[in-house]
Amino acid sequence: MLIQARNLSVRIGKVPILNGIDLHAERGEILTVIGPNGSGKSTLLRTLIGALKPSGGQIIRSPGLSIGYVPQRLHVDETLPMTVKRFLQLPHRVSSAAMQAAMDNAGVPGLLGQQLISLSGGQLQRVLLARALLDKPGLLLLDEPTQGLDRRGTAEFYRHIDTTRKALNCAVIMVSHDLQVVMRQSERVICLNGHICCEGKPEVVSNSAEYRNLFGFEDDEDTLAVYSHRGHNQAPDALQEAV
Ligand SMILES: Nc1ncnc2c1ncn2[C@@H]1O[C@H](COP(=O)(O)OP(=O)(O)OP(=O)(O)O)[C@@H](O)[C@H]1O
């Protein structure tokens, strides 16, 4: 077991955000966390990396575990010049060869000299991923990594995650907004709303009453029909083919 949360609870100020969370990730598996806005997904990842202190329960990490983290968003200060090369060397120096290899792998080989603020959303996501992979992590945490990417970009990104997972034999815990774009390789899905509402294989979660209630499928069926016509447990065609 690479990481395990036992009866984890987290408060921000006095507000309870997460309660009674039990989860674990094994080497080589992909675990997807889904949940509506404000359900605590980012809070969970930030607690797993140690940026937030649990108010109860515990997190057990395997000794020496290195964690790569791609945050949901990165605020780049427009007044602060920062090249991709410098950004990749925060917080510690990395060899030029390692940086170039990480950028090649992430599919953005020519961007090292560019300013961070000049990157497109998709390029920035790939640079964030390259940085997270520099230390060859045993556990990769991705917070809605494909937001802002188009369908092809999403498929390519997921393909890259899968190749990386196999190459490093790392575990991946990934936050996603909805099940329609969950990777096919995802072995387990956890549906979060402050607590774990349900979990299991993607098709099990997508058919569960808790999941459907939480995402309001009954109320929104008419509005969302155009997006959901393939069924809630299936990725769009491009993703099906690509990932
Ligand atoms: N720094 C903070 N100060 C106060 N409240 C916070 C802070 N960070 C998160 N919260 C609250 O914690 C709850 C969970 O937030 P979190 O960002 O973890 O949700 P999320 O599921 O990732 O949401 P989204 O899908 O919108 O990204 C929200 O109600 C949010 O307002």
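Helix α1, residues 41-48, contributes three residues to the shell around the ligand, the largest share of that shell. Please bear in mind throughout that the model before you is predicted.

The residues surrounding it are I12, I17, G35, N37, G38, S39, G40, K41, S42, T43 and Q72. By class, eight residues of this shell are polar, two are nonpolar and one is charged.

What is the strand order of the open sheet? The three strands run in the order β2-β1-β4, with antiparallel pairing. At the edges are β2, residues 15-25, and β4, residues 56-61, each of which pairs on one side only. From one strand to the next, the twist averages 25 degrees. Helix α1 packs on this sheet, where it touches β1, β2 and β4, and its direction makes about 120 degrees with that of β1.

As a general point, strands of a sheet pair through backbone hydrogen bonds, in either a parallel or an antiparallel manner. Here, strand β1, residues 3-12, and strand β4 run antiparallel and are joined by five bridges. Within this region, Q4 stands opposite I60 in β4.

I turn now to the interior. In soluble globular proteins, nonpolar side chains tend to be buried together. In this model, the largest nonpolar core comprises 54 residues, and those with the most contacts inside it are V127, A130, L139, L141 and V172. Which helix gives the most to this core? It is helix α4, residues 121-133, with seven residues.

Once its neighbours within four places in sequence are set aside, L139 is in contact with L2, I3, A25, L65, I67, C170 and A171.

Finally, let us return to helix α4, in which G122 is found. Is G122 buried or partly exposed? G122 is partly exposed, because 19 other C-beta atoms lie within 10 Å, whereas a buried residue would need 20 or more. Leaving aside neighbours within four places in sequence, G122 is in contact with G148, L149 and G153. Q147 may also be located from here: G122 and Q147 are 25 residues apart in sequence, and their C-alpha atoms are 8.6 Å apart in space.

To close, I would recall two points.

Technical notes. Residues are numbered from 1 along each chain as its sequence is written. This is a predicted model: local features need pLDDT of at least 70, side-chain atom pairs count only at pLDDT 80 or more; totals for chains, interfaces and linings use all residues. A residue is near a molecule or strand if its C-beta atom, placed from the backbone, lies within 6 Å of it. Helices (H or I, at least four residues) and strands (E, at least two) are DSSP runs, numbered from the N terminus. Ala, Val, Leu, Ile, Met, Phe, Trp, Tyr, Cys and Pro count as nonpolar, Asp, Glu, Lys and Arg as charged, and the others, Gly among them, as polar. Two strands pair if DSSP finds at least two bridges between them. Axes are lines fitted to C-alpha atoms, for helices over the stretch in contact, and angles run from 0 to 180 degrees between N-to-C directions. Two residues are in contact if their C-beta atoms, placed from the backbone, lie within 7 Å. A nonpolar core is a set of buried Ala, Val, Leu, Ile, Met, Phe, Trp, Tyr and Cys residues joined through C-beta atoms within 7 Å. A residue is buried if 20 or more other C-beta atoms lie within 10 Å of its own, exposed if 12 or fewer, and partly exposed in between; C-beta atoms are placed from the backbone.
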